[in-house]
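Biologist: Could you take me slowly through one part of this model, the nonpolar patch on its surface, and then say what lies beyond the patch?

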Amino acid sequence: MNAATRASGLKYALVLFGVICFLIYPLALVWPSGWIWHNGGGTHYFQMICGLYAVLGFFLVRAAKAPTENKSLIEFTIWSSVVHAGVMTLQVMSDHMETGHLFGDIPALIIVASVLWYLSPERG
């Protein structure tokens, strides 16, 4: 993939993932076992997660205008997604009531991290 194609793809991916961050709440309503931990749909924890992801989504959409100027945000998104998915995977291993996350938010975070890493200009 050449640099121009990668740059264009990164802009689209940032917007797509940014918008998806705003959809955490609706995704949880449609498929709670894949997006809400411990039946926490109405808890303070879930509201906090939705708030954090909404802010991240806003900044990812903004970063799409100038990805090279937002390298640290993109790197943060990659690495925080990897760590978040890793921690959740370990939690699922000890709490088998949460196995729906192996098909919901865990792979979603791995996809986000993988796509952003692949499209990052430093990789080429």
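Modeller: L23 is partly exposed, because its relative accessible area is 38%, and the label covers values between buried (under 20%) and exposed (over 50%), with a 1.4 Å probe and protein chains only. This is a predicted model, in which local features need pLDDT of at least 70 and side-chain atom pairs 80 or more, while totals for chains, interfaces and linings use all residues. Residues are numbered from 1 along each chain as its sequence is written, and side-chain values use heavy atoms, without hydrogens and water.

L23 sits in the loop between helix 1 and helix 2 (24-30), helices being DSSP runs of H or I with at least four residues, numbered from the N terminus. Together with V15, L16, V19, I20 and V61, L23 makes a nonpolar surface patch of about 420 Å², where members have over 30% relative accessible area and no salt bridge, and nonpolar side chains (Val, Leu, Ile, Met, Phe, Trp, Tyr) are joined within 5 Å, like charges within 9 Å; areas are Shrake-Rupley values. Helix 1 (residues 3-22) is the main contributor to this patch, giving 4 residues.

Notes. Areas by Shrake-Rupley, 256 points an atom, 1.4 Å probe, with all protein chains shown as cover. Salt bridge = Lys/Arg side-chain N within 4 Å of Asp/Glu carboxyl O. Helix = DSSP H or I, 4+ residues; strand = E, 2+ residues; numbered from the N terminus.
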